[in-house]
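Please look through the sequence and the three-dimensional structure below before reading on. The briefing that follows takes up a few topics in turn, each of which can be checked against the picture.

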Amino acid sequence: MSDLFSSLQVGLSGLEASQQELDLVGQDVANANTPGYVQERLQLAALTGMSHPGFDQPVGRTADGGVQVTGTTRLGDTFLLGQSLAQHSASGSLDAQQAALAQIEQAFPEPSTNGISQLFTTFFNSWDTLSQNPGDPATRQSVLSAGQALAQGLNAASTTLTSVSADAGRQLATSVASVNTLATQVAALNGSIQAATNGGLPAGALQDQRDQLLSQLADKVGVRTQANADGTVNVYVGNEALVAGVDAQSLSVSGSGSATTLTWSADGSQLQAAGGAIGGLQAVLGSTVPTLGASLDSVAASLAGALNSAQAAGVTTSGTAGAPFFAGTTAASISVAITDPTQLAAASASAPAVPGGQNLDGSNAAAIGELATAATAPGPGGTTLPGPVTSYNQLVTTLGGLASSVNTQATSQTAATSAADTAYSNATGVDTNAELTRMVQYQNSYGANAKFISTISQTIDSLLSMVG
Amino acid sequence: MSMRVTQYGTDLAMIQTLDGGLSRLSALQEQVSTGRAINLPSDNPGGTATALDLSAQIGRFQQYGANATDGANWLDTADGALGTVTSALQQVQSAVLSGANASASDSSTRTALAQQVAAMKQTLLQAAATSYQGRPVFSGTWGSDPYAGAASGDYTYTGSPQAQTRTIGPGQSAQIGVVGSDVFGSGGTSVFALLDKISSDLASGSSSALAGSDLTALQSAMSQATDARAKVGALSAQLTQVSGNATQKVAALQASVAGVVDVDEARAVTELQLQQVSYQAALATTAKIIQPSLVNFLG
């Protein structure tokens, strides 16, 4: 004979379990659109060998004692989370590079009539026009103006590179600051999670929060995580532990431009190729801007070298040797050195010298015009550089290749990141349809348990009425 | 267990699909509205390199054309001056012939002829001083008057021994015109000195000199002027041709640049429409999928 009062307890345990399941459905549905919310499941176990003080327990009794909730399980997927973090780091790096290159490309709107290539054409053609009429002051002035426009075009391009580098430096400092903050927060959450786990309390919400922070961290810097048994995670950047359990270390930035370095607080070692936005900015500062800057400087050096040696090979209308046309051999410093238009050496030094009056030979000016197609130009210190226009075209092609490759990578990376996020969300997020199905299921289960209790109650009533 | 799909995951995937469609649409939109397939170097680095190279060539050939046109105009001015020179020398020749045949006593005729020749010398000096845009055309590379001392009887050529040149092609230059000494000579052997001699021979009635050395020298001067004119004419024709060729070359190069840089309108518009259709389809599907869940069907 079984014990009716204990049957009531069985029914009660079923009611309580259904109630908790329904609560959880409510929690899940409420958080269906919460980013980073990871679904939880109740762990249920059948109770056996139930014992109630005050009631006799027959020997050898094996009847079930109801159901009990033994805990909750978080549907976390560390593999998919790791994938998502890795993709976020790759995206962060490419996005930073893409933004910088897009900014640089605005300074080189080629091919068009607004770019530096057009300034080159105008400049060299102005020398041809001068060769037609070397005595005309207006023509001479227009050569100087075209030279100034070209020098200013190169100055402006150089300024753009400098400001892109400065922007990248500022963004790097901001990103490092937020990495340090996020690392501290992750370590603090690790502490709370550890305490909760050790105390047997649910830590799901804390873990959700922490995983959200990890995702933000991955945008900034390439991270790898390792889960610990107590629910905490260690976060590694390269081989260095940014967060180890409840401890976090920090990064600091020093230097600027291509000399920017990131240093770990723990051992003072340097962080190389970090990944994430920081890695992208490191590439911009350490590689993209210096490479393009050197190319642009070489354009300026080639232009100055070609023009200055050509000026030296010619004479002015009054027969004096030509003075250097450009001063400065870098894109930032190049400027027109000649202020007096009569100093333009339009005449060839080998043309017959004029005994008095004006030497109106224009063959040196014509030769300078032909420098537009020169394959080489004398560089500083006896070196040979590619011709100015050739150098410039190479620079634009290099820039285009860099930007195009980063754009392509960024496009496919965006898709990959989105796919990883989708996969993680599909694996761990809330499936509303499933939740609603479960809701109906637990509603029925609640009803069934209630029915059971009412049946037992009636049974007890029947028994008592027999007694009475 | 079948693959688990959540509403949030589906939303992420759909947003990504729609973003992709929209960005492809906006790229095509930019191409169609600007008419250019390359708006930035990264749109097509190889095409940009080609276009830059071709554009630099266009700049050069436009300038070669301008150089040739300027040269041709210069030569046409010289040609006009040389026309004046040859006709003046022909008049001098008839004066010499008349003078040689006139009787020694007919002094009034001879004086008139002498004055006519003296006037012709002035015409020749004016022709020699012809300038194009303020520049003496017979002084070569110098800006000085070709016969600066002519007024005081010094006929020494004061221009440059070297003619002007113009760049008319890659590494090609053409000589512009002839220098004054080649047309008019210099000093005692110049045509001006000859005309002075003829003038005085006419005045003094030395028929033998007129019919002999004067006539020979004059004919040689005439052939010098005619040769110079022929040379100038040939150069002018060449430069006009060069200028025409440069224009054609520029047009051909511009067509090549357009082939690289400009968008194929028909193809771009067709692609734009296809992309619009697929974007609208994606929007319609998304709207249909996002809407319902089991909520709509639970009583």
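What volume does the largest pocket have? The model shown here is a predicted one, and in it the largest pocket has a volume of about 530 Å³.

**The largest pocket**

- Of the 31 residues that line this pocket, Arg74(A), Gly76(A), Gln207(A), Arg210(A) and Gly231(A) are the closest to its centre.
- Several elements of chain A each supply at least two residues of the lining, namely strand S2 (64-74), helix H2 (78-105), helix H4, helix H5 (204-220) and strand S3 (224-227).
- When the lining of the largest pocket is divided by class, 10 of its residues are nonpolar, 15 are polar and 6 are charged.

**Cavities**

- The count comes to 2 cavities of 30 Å³ or more, and the largest cavity holds about 90 Å³ of space.
- Residues from chain A and chain B line the largest cavity, including Ser117(A), Phe120(A), Phe124(A), Leu52(B), Ser55(B) and Arg60(B).
- Helix H3 of chain A and helix H2 (45-101) of chain B each supply at least two residues of that lining, which by class has 6 nonpolar, 5 polar and 1 charged residues.
- The second largest cavity holds about 40 Å³ of space, and among the residues that line it are Gln132(A), Asn133(A), Trp74(B), Gln133(B) and Arg166(B).
- By class, the lining of the second largest cavity has 2 nonpolar, 3 polar and 3 charged residues.

**Nonpolar cores**

- In soluble globular proteins, nonpolar side chains tend to be buried together.
- The largest nonpolar core in this model has 89 residues, and those with the most contacts inside it are Phe108(A), Phe123(A), Trp127(A), Leu303(A), Leu307(A), Phe325(A) and Phe326(A).
- Helix H4 (residues 137-198) of chain A gives the most to this core, with 18 residues.
- Leaving aside residues up to four places away in sequence, Leu307(A) touches Phe123(A), Phe124(A), Trp127(A), Phe325(A), Phe326(A), Ile368(A) and Leu371(A).

**Strands in chain A**

- An open sheet of 4 strands has the order S3-S4-S5-S6 in chain A, and its pairing is antiparallel.
- S3 and strand S6 (247-248) of chain A stand at the edges of this sheet with a single partner strand each, so one side of each is left without a neighbour in the sheet.
- S3(A) is joined by 4 bridges to strand S4 (residues 233-237) of chain A, with the two running antiparallel, and Gln226(A) stands opposite Asn234(A) in S4(A).
- Strand S7 (residues 251-254) and strand S8 (residues 261-264) of chain A also pair in the antiparallel sense, over 4 bridges, and Ser254(A) stands opposite Thr261(A) in S8(A).
- S7(A) and S8(A) form a hairpin with 6 residues between them, and Gly255(A) in the turn has a positive phi of about 75°.

**Backbone features in loops**

- A cis peptide bond, with omega of about -10°, joins Glu110(A) and Pro111(A), and Pro111(A) lies in the loop between H2 and helix H3 (116-132) of chain A.
- Gln133(B), a residue other than glycine, has a positive phi, near 50°, and its place is in the loop between strand S1 (131-132) and strand S2 (135-136) of chain B.
- Is Gln133(B) buried or exposed? Gln133(B) counts as exposed because its relative accessibility is 53%, and exposed means over 50%.

- Ser18(A), found in helix H1 (residues 4-30) of chain A, is buried because its relative accessible area is 3%, where buried means under 20%.
- Leaving aside residues up to four places away in sequence, Ser18(A) touches Tyr442(A), Ser445(A), Tyr446(A) and Asn449(A).
- Val186(A), found in helix H4 of chain A, is also buried, with a relative accessible area of 0%.
- With residues up to four places away in sequence again left out, Val186(A) touches Arg210(A), Leu213(A), Leu214(A), Val235(A) and Val243(A).
- The C-alpha atoms of Val186(A) and Pro388(A), which are 202 residues apart along the chain, are separated by 54 Å.

Notes. Residues numbered from 1 in each chain as written. Chains lettered and ligands numbered in written order. Predicted model: local features only at pLDDT ≥ 70, side-chain atom pairs only at ≥ 80, totals over all residues. Heavy atoms only, no water. Core = buried A, V, L, I, M, F, W, Y, C linked by side-chain atoms within 4.5 Å. Buried < 20%, exposed > 50% of the residue type's maximum accessible area, 1.4 Å probe, protein only. Contact = heavy atoms within 4.5 Å. Pairing = 2+ DSSP bridges. 1 Å grid on protein atoms, 1.4 Å probe; cavity = no way out; pocket = protein on both sides within 12 Å on 5 of 7 lines; lining within 4 Å. Points joined across faces, edges and corners; volume = space filled by probe spheres on them. Nonpolar A, V, L, I, M, F, W, Y, C, P; charged D, E, K, R; others polar.
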